Amino acid sequence: MEMTQEQDNFITFVVHTAKYRTLSTVKYDKRTAWHKKDEGLISAFIPGNIQKIFVQEGEMVCKGQKLMILDAMKMFNNVTAPFDGVVRKIHITEGLKVTKKQVLIELELK
Amino acid sequence: MSLKQKTQDLKKRMREALEGGGDKAIEKQKSVGKMTARERIIALLDPKSFHEYDLFVEHAAKDFDMDKKYLPGDGVVTGTGSIYDYPVCIYAQDFTVAGGSLGYMHAKKITKIMDHAMRMKVPLIGINDSGGARIQEGVNSLAGYGEIFYRNTQASGVIPQISVILGPCAGGAVYSPALTDFVFVVDNISKMFITGPEVIKTVLGEEISMEELGGAKVHAEITGNAHFYSESEMECFEQIKKLVSFIPWNNTRKAQPFIKKEPKVKEYQIDKIFPTNAKEPYDIRDIIRAVSDDSDFLEVQELWAKNIVIGFGRINGDTVGFVANQPLYLAGVLDVDSSDKAARFIRFCDAFNIPLVTLVDLPGYLPGIDQEHAGVIRHGAKVLYAYSEATVPKITLILRKAYGGGYIAMCSRHLKADFVFAWPTAEIAVMGPEGAANIIFRKEIMEAEDPEKMRQAKIKEYKKKFANPYVAAAYGYVDAVIEPGETRKLLIHALDISHDKSELGPEKKHGIPPF
């Protein structure tokens, strides 16, 4: 589907190759684009504090291995490796406050 | 004591209780543009119709020195009255008394009036203005909420339930309104959320104001939690009165008939409103007004999921529920939100014996990754479920596009519409001509010397053959192809014929709708 801006706020809205002249809605305008997820970028699924980091850059990790503890929502949450790989970069330090979706660690598939 | 003295004593007690939280608290309430609980009830109900109960109820808390505190009426006003002579039960939380916080007796008063509404089978109106659970009363506050939610659920589909949010309504408290049929919000006054800005800031580190998080606009426009939005409390009360006039007292009745009035034909002339070109927009509400008594249409959830229009109107004095695709917004597609919006409304109408009039003009479902991932399958299924389940008279009018799954979903013959009418401009087909021609004549188009020319020729060919109401009419899926000018006449006739319609589905405890 494509859209082009027209005069009077009317947009061209394509559904099944047919073009319609219509108005948009607030929520439709606010929708976010979808991006393919990079599995190697481990980001915070919830905002919180980095309680402890267990790995170092360059270290080999196995799938399921504990990488760090993220203190959030009154819980110590384990952040684990999604696959066997090497820690390429650590973006955080212990005690750091992180926001949701902030990248914590980059892993490289091995 | 003489009777006179006893009466004076009563009056004194009443005066004390009616003071609510006292001058200071009342002043504070007014300074933020809010009315007091009793002022609200009086403004909403018919003059002199309100009778208050449980004025002398006192709270039951003992801990934290609460036993030394006097909370008049325990922070909530309950009673009975009428709106346009319709009997109603009502409660209004009194923010001036302990912040309208909900404790054991406060909840008891509410559940008592709810039980009363259920036994008397009259609508229940709840005005919410409360800081939330009364922490000093601990688990009894939680019990109170639970008892309210249970009754909201039991009353659902038996009596109309209306929630008015005139202050904060946070945490668990939001679930009572969410369980009721209609939620009214007022700009700058209503605030609804599960976790407030404070908690969000502490836990998530995200900063947002109350208004941005759960203000009236947000719930009217983004979440769909609210059904009616207004800019002042008085405007809100007018909306409630109007709604009450459209709906029946309970599920064993029909809505009260109203004085019959012709539509304002001069303002709403179908041939002037309606573009025959299926790609051009128009406001479907003008068509609704063109066929409704006095061109009066009460739109529900006007600001949310604008691509579908729902609401109440009257045809020949009787209330009907309109469900209509709105070509003015997003070409009138069905999507996650519009499906939710329509499905719930259909079920309300079905529960309360309100015939459904469906106006169809949609290109299909909204394509997009966000839609698919938001579960447009299960949300879209709600529309099919609600229409199939509904046993009230179902009248469908196809104005222009009725393609594919959208055609089926919008109360087609196949979901057991009682009457299916189509205008000569209707295009009832498996998909739009462009898409269909591309698939059916793919080979011819690809192999043609001038593919674009061939494509256009084939689209034209398909359009001529299938983009009309006559193929569906030939199978009896459409009962009658009618002139637009005849629409109101036929709607009146169809409603007359189906006045005593009764239909029973298969015996079951309850269905399992795709919630």
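How many residues in the lining of the largest cavity are nonpolar, polar and charged? I looked this up first. The lining divides into eight nonpolar, four polar and no charged. I count Ala, Val, Leu, Ile, Met, Phe, Trp, Tyr, Cys and Pro as nonpolar, Asp, Glu, Lys and Arg as charged, and the others, Gly among them, as polar.

**Ground rules.** I am working on a predicted model, where local features need pLDDT of at least 70, side-chain atom pairs count only at pLDDT 80 or more, and totals for chains, interfaces and linings use all residues. Residues are numbered from 1 along each chain as written, chains are lettered from A and ligands numbered from 1 in written order, and side-chain values use heavy atoms, without hydrogens and water.

**Cavities.** I found four cavities of 30 Å³ or more. A cavity is a set of points on a 1 Å grid over the protein atoms alone where a 1.4 Å probe fits but cannot get out; a pocket is an open set with protein on both sides within 12 Å along at least five of seven lines; lining residues have an atom within 4 Å of a point. Points join across faces, edges and corners, and a volume is the space filled by probe spheres set on them. The largest cavity holds about 90 Å³. Its lining includes Tyr91(B), Gln93(B), Tyr145(B), Ile148(B), Pro168(B) and Cys169(B). In chain B, β3 (86-93), α5 (139-155) and β6 (168-170) each give two or more residues to that lining. Helices (H or I, at least four residues) and strands (E, at least two) are DSSP runs, numbered from the N terminus.

**Second largest pocket.** I read a volume of about 420 Å³ here. The lining has 13 residues, and Lys37(A), Asp38(A), Leu41(A), Ser43(A) and Lys101(A) lie nearest the centre. Strand β4 (residues 41-43) of chain A gives the most, with three residues. By class I get five nonpolar, three polar and five charged.

**Chain A.** I see one helix and 11 strands. The order along the sequence is β-β-β-α-β-β-β-β-β-β-β-β. The radius of gyration is 21 Å, well over the 13 Å of the globule rule for 110 residues, so chain A is more spread out than a compact globule. The radius is taken over C-alpha atoms, and the rule is 2.2 Å times the number of residues to the power 0.38. The C-alpha box is roughly 55 × 35 × 20 Å along the principal axes.

**Helix α12(B).** Is α12(B) (residues 284-291) mostly covered or mostly open? I find it mostly covered, with six of its eight residues buried (under 20% relative accessible area, 1.4 Å probe, protein chains only). Among them are Ile284(B), Arg285(B) and Val291(B).

Terms used:
Buried means under 20% relative accessible area, exposed over 50%, partly exposed in between (1.4 Å probe, protein chains only).
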